[in-house]
Amino acid sequence: MRILAATVTPIAFPDPPLLNSAGVHEPWALRTIVELTAGDGLAGIGETYGDAPHLGLVRTAAQALAGADPFDLAAIRRTVAAVVTGHDTTDRHGLTGTPDPVAKVFAPFEVACLDLQARSVGRPVHALLGGRCRDSVAFSAYLFYKWAAHPAAPPDGFGAALDPAGIVAQARMLVDRFGFRSIKLKGGVFEPDAEIEAIRTLRAAFPDHPLRLDPNCAWSVETSRKVAAATDGLLEYLEDPTPGIDGMAAVAREAGMPLATNMCVVRFADLRPAFSRAAVGVVLADHHYWGGLRASVDLARMCDTWGVAVSMHSNSHLGISLAAMVQLGAALPNLTHAADTHTPWQDGVDVVTAPLPIVDGAVTVPDGPGLGVELDRDMLARLHENYLRCGVRVRDDTAYMRTVDPAFRKLRPRW
């Protein structure tokens with residue numbers, strides 16, 4: 001079997017005004033869909049980021065894959081590396097640290113190859129990752145401070161959430177709709193005391209739900225220590241309170257809960273310095289920038305060796321990425337925390353014909369061949385038209401916030 005063609009399609013879909021330490025989400029989220037076609041009607045699909053620099057590298061790599069063996073992932077990675085080496089694809093928003101650009105570009109092709117491999121033998125992808133360890137993968141409600149609508153747009157269906165009462169109402173909506181059994185709040189938006197109060201209010205409203213708080217490095221070491229002390233006994237873990245491995249280690253020495261990260265541990269070279277200094281207790285794996293599903297399995301094994309727990313990070317994504325996360329989660333024995341997902345915020349928009357549903361806070365692991373989802377070509381075409389018309393080519397939360405608040409600056413730490 002050989003890859004006959006590699007098709008790359010940029011898409012855009014509506015995104016609510018979700019606030020974070022870098023600013024606010026723009027009205028359109030960008031993604032890139034990769035499809036690898038082989039003989040006998042077989043095809044594999046992958047999903048990745050949509051920013052223009054990354055998209056350009058994905059397109060260039062795709063052009064070099066015709067004739068490649070989808071089972072020879074080492075050769076495909078070498079092809080990708082030849083295209084990517086020397087190029088910088090750092091996200092402008094900076095919410096995911098600085099991953100390896102080769103790993104980021106290779107990841108969607110690796111997922112598509114695994115989908116293709118698994119379809120060719122009639123097995124689910126998790127069978128290629130070592131087998132299924134669980135029948136369902138748990139996900140967490142992902143709360144955001146948010147405006148009622150984008151500027152000059154009508155109110156969206158989610159409503160505003162700018163205080164503890166609004167955050168609890170948002171949590172209630174997501175828990176009632178999807179059955180989530182744990183809750184994460186994206187912080188770093190308001191002063192720490194306000195976000196501590198939101199956590200306390202959430203604990204009162206949801207006494208049995210594990211809680212997490214993620215300010216995306218908005219706090220100094222001193223402020224992080226104060227927040228950790230104030231939320232001791234309330235949080236399952238505190239995520240990326242302060243920048244860098246050194247800062248995280250300084251906070252971890254005094255915090256009563258584990259620190260989690262998707263910002264200071266984002267490539268394999270980060271593991272030894274972070275783990276040897278006990279800077280993190282939970283790594284939020286993300287196959288989109290760790291280099292795909294097999295690399296994420298390797299990451300989880302290394303975490304297990306060091307006694308570090310594993311969860312999964314999420315960015316604005318659609319159903320191909322969710323399916324890949326479920327296949328990965330099924331194969332990780334030490335996935336000890338519910339994974340993040342932005343799925344509810346996409347409000348039903350998707351690029352697959354039958355998105356995997358979140359029921360009782362979890363997704364049942366599909367047993368069908370490949371990832372377990374099929375590309376919806378009509379929706380792909382519509383979302384590509386969105387991309388062509390929307391005018392957004394790079395996600396820039398800070399620049400968009402400045403259209404509303406010209407004085408806004410992205411500061412790490414801010415408090």
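This is a predicted model: local features need pLDDT of at least 70, side-chain atom pairs count only at pLDDT 80 or more; totals for chains, interfaces and linings use all residues.
1. Buried means under 20% relative accessible area, exposed means over 50%, and partly exposed is in between, using a 1.4 Å probe and protein chains only.

2. Residues are numbered from 1 along each chain as its sequence is written, and side-chain values use heavy atoms, with hydrogens and water left out.

3. How many disulfides are there? The count is 0, with a disulfide taken as a pair of cysteine sulfur atoms within 2.5 Å. Take Cys303: the closest cysteine sulfur, in Cys264, is 12 Å from its own, so that is too far for a bond.

4. Now the helices (DSSP runs of H or I, at least four residues, numbered from the N terminus). Helix α2 covers residues 73-84 and helix α3 residues 101-121; they pack at about 150 degrees with axes 9 Å apart. Axes here are lines fitted to C-alpha atoms over the stretch in contact, and angles run from 0 to 180 degrees between N-to-C directions. The pair is therefore roughly antiparallel (angles over 145 degrees; under 35 is roughly parallel, 65 to 115 roughly perpendicular, and the rest oblique).

5. Who makes the contact (heavy atoms within 4.5 Å) between α2 and α3? From α2 come Leu73, Ile76, Arg77, Val80, Ala81 and Val84, and the α3 residues include Phe106, Phe109, Glu110, Cys113 and Gln117. The tally is 13 nonpolar, 1 polar and 2 charged, where Ala, Val, Leu, Ile, Met, Phe, Trp, Tyr, Cys and Pro count as nonpolar, Asp, Glu, Lys and Arg as charged, and the others, Gly among them, as polar.

6. Helix α1 (residues 52-63) meets α3 as well: their axes come within 10 Å and cross at roughly 55 degrees, so the two are oblique to each other. On the α1 side you'll find His54, Leu57, Val58, Ala61 and Ala62, facing Lys104, Val105 and Phe109 of α3. Those residues split into 6 nonpolar, 1 polar and 1 charged.

7. Last, have a look at Val83 in helix α2. Val83 is buried, at 18% relative accessible area. Beyond its neighbours within four places in sequence, Val83 touches Leu57, Thr60 and Ala61. Val58 sits 25 residues from Val83 in sequence but 9.0 Å away in space, C-alpha to C-alpha.

How values were computed. Contact means heavy atoms within 4.5 Å.
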